[in-house]
Structure formats: C-alpha cells, structure tokens
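Dear colleague,

I am passing on the structure that we spoke about, and it is placed just below this paragraph. Please look through it first, and then read the notes that follow.

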Amino acid sequence: KSPAATEGRFVVQIGAFSDNTKAHEARMKLERAGLKTYAQVIESKDGRRIRVRVGPFPTKQEAEKVGEKIKKLDLPVGILEL
C-alpha cells in the first residue's frame with residue numbers, strides 16, 4: 001500500500017453558511033452530540049461563507065461512520081478528502 005492510500009485526510013462538511021448564527025447553531029448541535037467541530041471562513045463567488053466541519057479522519061470509513069451519526073441530527077453531510 002502506498003502511504004497516500006493509508007494516510008488520507010477526510011472531513012465531514014455540514015454546510016457553508018452565510019449567517020454566523022446558523023453556523024453557530026449547527027456547531028452547537030454537533031458539539032452537544034459529542035463531536036468536535038471547526039469552522040473555516042472562505043470567500044466564495046457568492047460572498048463570505050462559514051464552513052462547518054468535523055474531522056479530520058484518517059479514513060473515509062471513519063468519516064462516513066461519523067456522517068451517519070450527524071444525519072441522525074437532521075444535518076446535511078458531505079464527505080470531503082483534503
């Protein structure tokens with residue numbers, strides 16, 4: 001196996017919010033469920049967005065497992081490889 005195949009970094013993205021309050025609410029919902037979150041502010045063609053993410057995880061399987069837990073909180077899930 002190549003190191004790249006075993007050392008991938010995957011994150012679960014919950015959303016990219018334009019509203020600070022909505023981003024904060026999503027993060028609090030995740031934190032209360034015991035998940036450590038982080039936010040990343042980006043400038044997109046549509047303006048400033050706050051990405052709310054959980055991770056990183058070493059494998060896609062681990063990210064997907066957490067994604068299933070997040071879906072139960074009625075939040076959207078996107079698995080991304082960094």
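**What was found**

The side chain of arginine 53 makes a polar contact of 3.3 Å with the side chain of glutamine 40, where a polar contact is a pair of N or O atoms within 3.5 Å, one of which, within protein, must be able to donate a hydrogen and the other to accept it, while residues adjacent in sequence count only if both atoms are side-chain atoms. Before going on, please note that this is a predicted model, in which local features need pLDDT of at least 70 and side-chain atom pairs count only at pLDDT 80 or more, whereas totals for chains, interfaces and linings use all residues. Residues are numbered from 1 along each chain as its sequence is written, and side-chain values use heavy atoms, with hydrogens and water left out.

A polar contact also joins the side chain of arginine 53 to that of glutamine 13, at 2.8 Å. Arginine 53 belongs to strand S3, residues 47-57; helices (H or I, at least four residues) and strands (E, at least two) are DSSP runs, numbered from the N terminus. Arginine 53 is buried and yet has no salt bridge, since the nearest side chain of opposite charge, that of glutamate 81, is 12 Å away. Here buried means under 20% relative accessible area, exposed over 50%, and partly exposed in between, with a 1.4 Å probe and protein chains only. A salt bridge is a side-chain nitrogen of Lys or Arg within 4 Å of a carboxyl oxygen of Asp or Glu, and for charge, Lys and Arg count as positive and Asp and Glu as negative, with His and the chain ends not counted. Leaving aside neighbours within four places in sequence, the residues in contact with arginine 53 include Val11, Lys36, Tyr38 and Leu80, contact meaning heavy atoms within 4.5 Å.

Turning to the helices, H2 (residues 20-32) has Ala23, Ala26 and Leu30 buried. These residues cover an arc of only 65 degrees around the axis, which puts them on the same side of H2; the arc is that of the directions from the helix axis to the C-beta atoms. The buried residues of H2 pack against strand S1 (10-17), strand S2 (37-44), S3 and helix H3 (60-71). At the start of H2, a side-chain oxygen of aspartate 19 comes within 2.7 Å of the backbone nitrogen of threonine 21, and just after H2, glycine 34 takes a positive phi of about 90 degrees.

In H3, the buried residues are Ala63, Val66, Gly67 and Ile70. Their arc around the axis is only 110 degrees, which puts them on the same side of H3, while Gln61 and Lys65 are exposed on the other side.

As for the whole, the protein has three helices and four strands, which follow the pattern α-β-α-β-β-α-β along the sequence, and 30% of its 82 residues count as buried.
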